[in-house]
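Welcome to my notebook. I am opening a structure that is new to both of us and jotting down what I look up.

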Amino acid sequence: MLMNEGSTSSIPVAEIDPGVRMPMLGFGVYQIPDHAQCVQAVADAIRAGYRLIDTAAAYFNEEAVGAGIARSGVPRESVFVTSKVWVQDAGYAETMKAFKTSLSKLNLDYLDLYLIHQPLGDYWGSWRAMCELKKAGLVRAIGVCNFAPERLADLAIGSGVTPAVNQIEVHPFFQRADELAAMRQLGVQPESWGPFAEGKHGIFANETLCAIGRAHGKTAAQVALRWNLQRGSAVLAKSVKPERMAENLAVCDFELTEEEMRAIAPLDLGVSSFAGHGSVESVRMRHGFKVHE
């Protein structure tokens, strides 16, 4: 259920679990591995008005994220913190251990959201561990990343516990309407990573997005973020530049018309802009990527 948060930046929030309200616009720290830079970026983002910070064991920056949250001066309970368990730690016992490691690195007492990073390995065992962590009050909500509709439905129906969130790649060039519809059917909140396609396809100069932006006094990037929000998806934006952080936050004071939303639909290429998750090589790569010895 969407609602407006009468706080900094007026970022809308979604109730992803009873009593658990997640900001719909967050700050991601993927590919900010430098400790000092990440600490400063997180502190700057929170001071700018972000209240959702998204990290993962596989980003190698949980310690920096925790330090950035502390440096910001904003109370812990005002910041929604997400981390993720990597493929190497799939399984019940492994996830329990990985969670303790993440919590220690972040220097926090609990997580607001804990996600299975990839639908690989013994993610059923991971899910059982995460359900127990939630029951123990160490995690407020649990979910997954990169789960296709059939795997998402199988986990929700088979376990009897529906993931609160499924974080997947979504941007104007990979729109995934059918997958968003499946999440709505299951009661799972979509969360979009890579909303700018990491600059691919000329997104920042795309004439459709730029023309729509000019009509609202906004940039193509702001249009891309607003488009995601209006489709009911939470969205993660990343920048280490304070001016870009502020720009990415300024997407709650305008609304795309139905005609503008329809104009963006033909941009969909129907394929991932990144490595994807369906090939043998992509699975081999993810199993081979290690976050610890």
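Is Leu52 buried or exposed? I looked up its relative accessible area, found 0%, and so wrote it down as buried (buried is under 20% relative accessible area, exposed over 50% and partly exposed in between, with a 1.4 Å probe and protein chains only).

A note on what I am reading: this is a predicted model, where local features need pLDDT of at least 70, side-chain atom pairs count only at pLDDT 80 or more, and totals for chains, interfaces and linings use all residues. Residues are numbered from 1 along each chain as its sequence is written, and side-chain values use heavy atoms, with hydrogens and water left out.

**Entry: around Leu52**

I placed Leu52 in strand β5, residues 52–54 (strands, E, at least two residues, and helices, H or I, at least four, are DSSP runs numbered from the N terminus). Leaving out residues up to four places away in sequence, I listed what Leu52 touches, including Met22, Leu25, Phe80, Glu191 and Leu236 (contact means heavy atoms within 4.5 Å). Leu25 is 27 residues from Leu52 along the chain, and their C-alpha atoms are 7.1 Å apart.

**Entry: helix α6**

Which residues of α6 are buried? In this helix, residues 177–186, I found Glu179, Leu180, Ala182 and Met183. Down the axis of α6 they fall within an arc of 155°, so they line one face of the helix (the arc is that of the directions from the helix axis to the C-beta atoms). A reminder to myself: an α-helix has 3.6 residues a turn, so residues three or four places apart point the same way. On the face turned away from the buried side I noted the exposed residues Asp178, Arg184 and Gln185. The cover over the buried residues of α6 includes α5 (149–159), β9 (165–169) and β10 (189–193). After α6 comes Gly187, with a positive phi near 85°.

**Entry: two positive phi values outside glycine**

Asn107 is not a glycine, yet its phi is positive, about 60°. I found Asn107 in the loop between α3 (92–106) and β7 (111–116), and it is exposed at 68% relative accessible area. Arg176 also has a positive phi, near 55°. Arg176 sits in the loop between β9 and α6, and is buried at 19%.

**Entry: pocket and cavities**

How much space lies in the largest pocket? I read about 1,000 Å³. On a 1 Å grid over the protein atoms alone, a pocket is an open set of points with protein on both sides within 12 Å along at least five of seven lines, a cavity is a set where a 1.4 Å probe fits but cannot get out, and lining residues have an atom within 4 Å of a point. Of the 40 lining residues, Tyr30, Gln31, Trp193, Gly194 and Glu198 are closest to the centre of the largest pocket. Helix α9 gives the largest share of its lining, three residues.

I also counted two cavities of 30 Å³ or more. The second largest cavity has a volume of about 40 Å³ (grid points are joined across faces, edges and corners, and a volume is the space filled by probe spheres set on the points). Among the residues lining the second largest cavity are Val85, Trp86, His117 and Tyr123.

**Entry: cysteines**

I looked for disulfides and found zero (a disulfide is a pair of cysteine sulfur atoms within 2.5 Å). Cys210 is buried at 16%, while Cys252 is partly exposed at 25%.
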